Amino acid sequence: MEAIVLDAPGPPEALRLRQLPIPVPRPGQVLIRVKAFGLNRSELHTRLGLADGVTFPRVPGIEATGVVAAAPGGEFAVGQQVFAMMGGMGRTFDGGYAQFTCVPAAQVIAFRSDLDWATLGAVPEMLQTAYGALTDGLDARPGQSLLVRGGTSSVGMAAAILAKRRGLTVLSTTRNPAKADALRAIGVDHVLIDDGDVAAQVRAILPEGVDNALELVGTPTLPDTLRSTRKFGVVCMAGMLSNVWTVPDFYPIGYLPRGVRLTGYGGDADDLPPAVLQDFLDAVAAGEAVVPLDRTYRFDQIVQAHTDMEAGVAVGKFVVLVETL
């Protein structure tokens, strides 16, 4: 099979196309014939050497979309449509940047859909993170307000789409005014151009602040996001688009505004119930929801795809289509 291999951290050109043996699954594992895979900041962190627990050489990719090629334990039927994500994919074992990937059965979710593979390839990690952050991280309820910091990221757009389906008022940020229309097109109620002082813009709309805030940029913008949130509101940090993960010399009493709650979310495949996934796919097929797919790439365009991802030009999800054997 063809696979994309990273021998060590480096620039996009460090991702090299190679011939590797097709993995042989053991009981408890599923061999997936990959049709498409989405690109994630996690894989950028891996390529830059910022991710913990990664050993090299490694086939990156924390998600994959395709069909079951083999499942010795009988958990899935051959030919069944599946998503796979997380659980060490692309870090502690080879991931989705390949024509075939072998993953633990616990990381696999089956679905049924006639949507094209490009659209399906955008869904798994994006939906899982957005759903988990709204549900476990924020416990967001109908009628509440939500600020999405990093609104044109794939997770940011998915979170806005899910939040609108739940009946929330959504405020989303972008640093680029040219991307504002893309946020309005998915139903965002208030698009905020991120000038570093989003809190002032939020409070001009909602004087007491938002009920919930989803922080996807990272710790550089987290203090301003906290200031955007009302007393007893909740901020969930679930992304690091800035590649800055930690707060030096964190002093909670001085850092957190009075009464504002700070949570974090970093979930796994079992945080996305199959029924929720299927409902979302059915809604997309019915025209009741959209998948924020920015663009697709061929397998041999992985260097360009990573270059574009690192440059931050995406409005939604990048997907690589895989020509399987």
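UniProt positions are given here in the numbering of this chain, with feature names shortened, and annotations may be inferred rather than shown by experiment. With that in mind, the UniProt record (an unreviewed entry) places "domain: Enoyl reductase (ER)" at residues 10–320.

You are looking at a predicted model, in which local features need pLDDT of at least 70 and side-chain atom pairs count only at pLDDT 80 or more, while totals for chains, interfaces and linings use all residues. Residues are numbered from 1 along each chain as its sequence is written, and side-chain values use heavy atoms, leaving out hydrogens and water.

Helices (H or I, at least four residues) and strands (E, at least two) are DSSP runs, numbered from the N terminus. Residues 10–320 are 28% helix and 26% strand.

Now to the inside. A nonpolar core is a set of buried Ala, Val, Leu, Ile, Met, Phe, Trp, Tyr and Cys residues joined through side-chain atoms within 4.5 Å; buried means under 20% relative accessible area, exposed over 50%, partly exposed in between (1.4 Å probe, protein chains only). The largest such core has 50 residues, and Leu214, Leu277 and Phe280 touch the most other members. Helix α4 gives this core its largest share, eight residues.

Ser228 counts as buried because its relative accessibility is 0%. Its polar contacts are pairs of N or O atoms within 3.5 Å; within protein, one must be able to donate a hydrogen and the other to accept it, and residues adjacent in sequence count only if both atoms are side-chain atoms.

| Ser228 side chain to | Distance |
|---|---|
| Ala199 backbone nitrogen | 3.4 Å |
| Asp224 backbone oxygen | 2.8 Å |
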